[in-house]
Amino acid sequence: MFVPSKPVGSPMSQPKWFTREIAATIRKRKAAYRQFRRTAEEQPATKVVTPKSLVTEEEVKAALRLDKGSDALLKSWSMVDFTKKGDNYGCVVSSVQVQYSLNQENMEVVYIAKLNPCRHVKEFEGMTSVMFRKESEFYLNLVPELNSVLTEVGQKVLRFPKCFHGCMDKNKEVILLEDLRPQGYQMFDRRRGLDVAHITLILKELGRLHASSRLLQAKTPDLDLAVTHDFLVPDIFADESMGLRDVFDRQLDQSIELLERFGGYERNIAWVKSLKLEFVQLLTKHLGRSKYNVVCHGDCWNNNVLFRYNDDGEPVEVMLLDPQINRLSSPATDLIYLMYTSLNGEVRIPNLNTFLDTYYDTFNIVMEAAGIDMIFSRSELLKEFRSMNVLGAIYAMAVVPFVLCEPEDIPDMDKAENIDEILMEVKEKTLVALNKYPLMKPRFLSIFDEMMDLGLIP
């Protein structure tokens, strides 16, 4: 579904600002998006050798111009790999080392390149195109607007890397970004659950992102952000045509098999089996429009953030990355995803209220700076979060097995020809990892123990 049939306001009537002109604009946007999807799904794939071959000299020049100005002259460039297996899943990440001259001085700059993985797994091709479009437009079009409304009220800009180029050609998608490594930013070990210090930095930045979108919406109260930024509307998780339905379904099957191996979790097994019958409807319901609509990151977990540390090894700054599943929805969708994919139960459960207070306080600081009323109370935020606990369990079952595997045990998606091969390898390697990695069993089971304590599992 491209945009909601009843965008904002009472479900029984259209809001006052929803004029015929806006309705016509929405219809045009829907038609344009349908054409975009047809193009993404029907256009013959262009054969390429490797993802790195997608980067062209013209794209490097375009990034250099936006970054350094029109006087910068490209002298040479080369691709340099730096990531390892398990760092990225939906794309290939490399770097472009650029030599250029400016004002008669020879200089060098490095750009991070996000590339179409060129796997040509049919089920994922349309999804890959949509994900790259969403991320590119988020960086190049939306983030500058969000930063503008923040600086207007004396707030700092959002902590995302600068984006210098985005190519959306079918099967040739490329995004060129600022290299944050010289500033000291580094990845967190995805196999470790985030501790309080790390999660606090992420929650504060999510609060600022979400609040900034409310400020931006306030600039055009009669024109919904879903119209002005239509890339926010298609949802990778909820849209059955994107290819992820089978992924979630197989991961639920795998969870059932794991629980059977552990023994003593018959109630949990019955609950997961019931989820299999309705998880698509649950995703559609919880990831759709909300009375607390904000721009959500959509894929905020510990593999999609970078941290900078002080001399004592304490995290002091965070950068959010990879907003390729962005959406316009409830802020709780981001909070649930983060909490259940990136935290151990021993950190999440006793600190949940403190974590939500941290998020709320940061959100409120931005709203107060703009003189705009807060959109929910602390109790309403907790209620909204709790209403999506089942979504957290689904996310955990889908993601945690990937998170806790060693790099050498992560399925090789580049060699697979279809989604069935990928999911079968995921299952086989997860079952092997269960015996190899002691962290997997308690991390996995803590989700079900918590759902039972909350009364969600009968």
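Strand 4 and strand 5 (residues 174-178) pair up in the antiparallel sense, with four bridges between them. Strands here are DSSP runs of E with at least two residues, helices are DSSP runs of H or I with at least four residues, and both are numbered from the N terminus; two strands pair if DSSP finds at least two bridges between them. You're looking at a predicted model, where local features need pLDDT of at least 70 and side-chain atom pairs count only at pLDDT 80 or more, while totals for chains, interfaces and linings use all residues. Residues are numbered from 1 along each chain as its sequence is written, and side-chain values use heavy atoms, with hydrogens and water left out.

**The overall picture**

- The protein has 14 helices and 10 strands.
- Of its 458 residues, 55% count as buried, meaning under 20% relative accessible area; exposed means over 50%, and partly exposed is in between (1.4 Å probe, protein chains only).
- Take the contacts (heavy atoms within 4.5 Å) with a separation of 6 or more: 75% of them are between residues 24 or more positions apart.

- Strand 4 (residues 163-167) is mostly covered, with four of its five residues buried.
- His165 stands opposite Leu176 in strand 5, and Cys167 has Val174 in strand 5 as its bridge partner.
- The hairpin of strand 4 and strand 5 has six residues between the strands, and Asn171 in the turn has a positive phi of about 65°.
- Between strand 2 and strand 3, the loop holds Asn103 and Gln104. Asn103 has a positive phi near 55°, and Gln104 has one near 65°.
- Asn103 is exposed at 64% relative accessibility, and Gln104 is exposed at 84%.

- Strand 6 is joined to strand 8 (residues 305-309) by two bridges, and Met187 has Leu306 in strand 8 as its bridge partner.

- In helix 11 (residues 378-386), Leu381, Glu384 and Phe385 are buried.
- Those buried residues fall within an arc of 100° seen down the axis, so they line one face of the helix; the arc is that of the directions from the helix axis to the C-beta atoms.
- Ser379 and Lys383 are exposed on the other side of helix 11.
- The cover over the buried residues of helix 11 includes helix 9 (331-342), helix 10 (345-370) and helix 12 (389-403).
- Ser446 lies in helix 14 (residues 440-453) and counts as buried at 16% relative accessibility. Apart from neighbours within four places in sequence, Ser446 is in contact with Gly345 and Arg348.

**Rings and a charge**

- The whole structure has 15 aromatic pairs. Rings of Phe, Tyr and Trp (its six-membered ring) pair if their centres lie within 6.5 Å; planes under 30 degrees apart count as stacked, over 60 as edge-to-face and the rest as tilted.
- Phe307 and Tyr309 have ring centres 6.3 Å apart and planes at 50°, so this pair is tilted.
- Phe307 is buried at 0% relative accessible area, whereas Tyr309 is partly exposed at 23%.
- Tyr292, Tyr359, Tyr360, Phe363 and Phe376 are linked into a cluster by ring pairs.
- Arg181 lies over the face of Phe82, at 4.1 Å from the ring centre; a charge sits over a ring if NZ of Lys or CZ of Arg is within 6 Å of the ring centre and within 35 degrees of the ring normal.
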